[in-house]
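Hi,

Here is the structure I said I would pass on. Have a look at it first, and my notes follow below.

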Amino acid sequence: MRCRLLFALVSCFALVSLTTEALAVDPARTLTQAFVRKWQSSQGLPHPSIVCIKQTSDGRLWLGTPSGLYQFDGIRFSAPLENDDPSRGSDWVNCIVEGSDNSLWIGTLGNGLLRWHQGKVTRMVELERLAARNITAIRAARDGELWVATESGLYCGSDDQFARVTDTPNVTTICESRSGEIIIGTDDGQLLFRVNGSFEERKLHTVHAPYSIRVILETPDERLYLATSDGLVVLSGQEEKRITRYQGLADNNIETIELSHAGELWVGTRNGLSRISNDQIETLRSRDGLTQSRVLSLCEDSEQSLWVGTKNGLNQIADRRTVPLTKSEGLPSNDIGALIQSETGQVWIGTLDAGLARFNGRACDAFFRKGSGLAGNLVSTLTIGKDRELWVGTDQGLNQIVDGKVTRQFTTDDGLPANPVLSLCYDNSGNSNDLWIGTARGLARMTNHQLSPLGAESALSGLPVIALLKTSSLGILVATDGGGIYQIQGDQLKPWNAHLAEILSVSSILQGQGNQIWISTLGKGLILIDGDRVTRYSVRQGLYDDEITGLIFDDQDRLWFACSRGAFFVPQSELIEFSENRRRRITSTPFTPMESQRTIECQSGVQPSIWKMDDGKIWIATNYGVIIVDPHNIQRHLPLPKVHLEQIQVNGQDQDLSRSGQLKAGMTNLMFRYSAMSFVAPMRTMFRYQLKGFDEDWVDAGSRREAYYTNLPPGQYQFQVMASTPQGEWSEPVESSEFVIRQVFYKTPLFYCLLLCGLLAAAWGVTRLRVYQVRTRLNAALEERMRIARDLHDTLIQGFTGVTMQLQAYTSLLKDSKEKANFQELIQDSSRCLKEARQIVTGLRHTPGSSSGLVKAIEQTARELTETHDLHLNLSVPESVPPLPADTEYNLLRIIQEALTNSVKHANASVITLTLESRDNQIALYIADDGVGFAIEGPHQKPGHYGLIGIRERAHQIQAQISIQSRLGKGTFIELILPRTSP
């Protein structure tokens, strides 16, 4: 019965199995050989109980827990739902589905139905679209309708309107068949099919009441699988079958089921996870690596990893590049010794504490221990003899196994130098048929089952023989612990290669091409002996580790290393190029500890510790089982990761840049958080990003998932990021919307324009203030001049006038005489002084822009000084000149007055010429006479006359250039050039 049932399961999965990919958990491997990664509270899991798991089309993985909804990217957990009402309580997420518009529908217990779309949450209870608060199941139908199961019935609709379809209570699961039929199961064990708009019940006969139906799943061949509290029910048409723990399930109380892409049926129960594949049912429990045996939810992601939510954590079950063999697969111990494959294909695995086991490809079918004929339980070396017999070296002697039976045993009683056998080598070259045996105290040779140890006089006597190698042309090479390497050819024993005398830590010897000998050491790296050339390789030259326990070549001409840090390989071509000085460094490809359940540390002190099997796979002995690597499939072809820009912060605050926008001035510190939805090897997913407008090229971020920018200058930017698989294949970049950081106002062109205008206005204001101050002082000076003029007119001039009149009256009484002539001359002088005083008053009263003006004042002064004398005046002046400062006009007028007075009184001139010219930027004054002239300097200069001095001082005061030319009897010429300035 069980075989027929399992055969039916295999048949129903046949179509799905055709799509199996390498990333799925390999059905050929036992479930314990899968890679189980787990997350609990110590790894950052927000809540231990994972009620439901869903991966949406954008690659995001969603986890429903009693404390809310969480998103997981393989590295970080984040909570996208914000509860802005503490009285509402946390959202107990019971179920999750993705809608046709890529929105996420979330069913909760207590807060009803929620819709999450583009970062925003809509609560149907608060919008009164669906009043039910306890959502037990959700299904998004292919026609876009949403089916929602509540404690009060089943509803159908969308986010706008939901209508009750049936009042059947306690619906726990909803399924849509390939024909579009809706099937529901209840907590009371009802199975209902919707036919022509109404539901019809189908009774189950193989389960025992009371029971509940928790999940309904349909396979491609239209079989229905029901996860119930009393086993797994299979419906095919009217046929009904049941699978229970008696057929191999972990438990009858099933919480959930999931159908994989590879056609495997995963069954989560309250006592473990079961896999139904081919004709086998296997179970994984907490003792095998699960976080807890009670499985609540299952989900297979796009990379075909299986996610398992338990009552106490989250698990990921995936295929891996290395296959472990441990006690879970039947090995007697995880502490592995020597291993080898016989010519018949049998794999023999020795242990260090539990004897020898034979592996048949899936499990161990034969065991040899000390009590069953084996000399000891510590198996340190193995080799195959000429007649396909197996030779086993242990810590207590040597055994021969033929046809699965221990046939002979050899110890020190039979001639071995010591019971601990460390290495074995069979020599069948030529007529030889010798087994060389390396022990802890020397070397022995067995010929036709007769032992002959090398004598006490041998150089190997008392030395531990670590490794033996039968070569094609060098005979037997013998590596000892502390004594170097020796060569045996025929009956001769001699040291081999003097360059190796200092080597004290040889772990294995391997022959390569021709006579190339590869030597691994414990701490000194790798040594290549090629004729007379010796090449050493270490971590400095690119080796992954210097502590090497074994060597083997694969079919791709790569040298594999078993070491203290795991396993790695180096292409032999690179090693040869390095030895020929054609390469400076070699490249190691390691297999990290993540490739197995625990940290890999290969076993040392066993021969061989690494072996290539007939199928090309590499088997490696470690401190926790055997690791199997397939060199043909070491590169995974993972799908390109889907990249998401998760969060943007500006100056420490979240910012929505989904639409183009502008950032205020000063918002120059940005943080971008991104992720890639790749879960097989999330730590090996590499990122690169670029901020357009700032970065000239892509920035390699490694595995870091955040980018920071500080003190960004104003400008237009756009952030983009891409991710790569471990093989270096890059996804398309994901871009943010363009955004602009505004310039601070004091750096904008408008500010500079306003600043310039302000400076010009300030300059204009200062100028106006200066003009005002000058005008104020000028007006004060003019007021003072007018006061002086008034005082002169009212006092001095009036006094002079009175005195002159009295003198005239007195003189008129005198008779003609010398005294009268003197008085008349005195009256003339007084009149002249009085006239000059009036001219001074006239000059003081003259202001720029007055009616007389400078030109009229010059004309008037010139005529008044010359009209009473017998001389001719040539006056040439323009009608007007540009206004000059008042003090300039006054001093200019006084210069003319002094010059004309000198010509009239002292020069005895007959002709005086006065010319005034107004030019673009200056005023020119020329005064000439034909008088007697004078000596400007020398003995003929008259003392006591200061007129010329006054003329020069006034010219200097108004910043004019003056030139005075005169000679005795030749007249006088005065030239004055006055720069024109504004008044």
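This is a predicted model: local features need pLDDT of at least 70, side-chain atom pairs count only at pLDDT 80 or more; totals for chains, interfaces and linings use all residues.

Let's start with the backbone. Most residues other than glycine have a negative phi, and most peptide bonds are trans. A cis bond links Ala209 to Pro210, with omega at about -5°, and Pro210 sits in the loop between strands E17 (198-201) and E18 (213-218). Gln607 and Pro608 are also joined by a cis peptide bond, omega about -5°; you'll find Pro608 in the loop between E53 (589-591) and E54 (610-612). Then there's Asn102, not a glycine, yet with a positive phi of about 65°. Look for Asn102 in the loop between strands E6 (93-98) and E7 (104-108).

Next, the helices. H7 (residues 886-905) packs against H8 (residues 947-957) at about 160°, the axes being 9 Å apart, so H7 runs roughly antiparallel to H8. Their crossing is left-handed. Among the residues making the contact are Tyr890 and Ile895 of H7 and Ile951 and Ala955 of H8.

On charges, the structure has 27 salt bridges. In one, the side chains of Arg294 and Glu255 meet at 3.0 Å, N to O. Arg294 is in the loop between E25 (280-284) and E26 (295-300) and Glu255 is in strand E22 (residues 254-259), so this pair ties together parts 39 residues apart in sequence.

Finally, the surface: Phe745, Leu750 and Leu754 make a nonpolar patch of about 310 Å², and Leu750 belongs to helix H4 (residues 749-813).

Cheers

Conventions
Residues are numbered from 1 along each chain as its sequence is written. Side-chain values use heavy atoms; hydrogens and water are left out. Patches are made of residues with over 30% relative accessible area and no salt bridge: like charges are joined within 9 Å, nonpolar side chains (Val, Leu, Ile, Met, Phe, Trp, Tyr) within 5 Å. Accessible areas come from the Shrake-Rupley method with a 1.4 Å probe; for residues, only the protein chains shown count as cover. A salt bridge is a side-chain nitrogen of Lys or Arg within 4 Å of a carboxyl oxygen of Asp or Glu. Helices (H or I, at least four residues) and strands (E, at least two) are DSSP runs, numbered from the N terminus. Axes are lines fitted to C-alpha atoms, for helices over the stretch in contact, and angles run from 0 to 180 degrees between N-to-C directions. Angles under 35 degrees count as roughly parallel, over 145 as roughly antiparallel, 65 to 115 as roughly perpendicular and the rest as oblique. A crossing is left-handed if the near helix is turned anticlockwise from the far one by less than a right angle, and right-handed if clockwise. Contact means heavy atoms within 4.5 Å.
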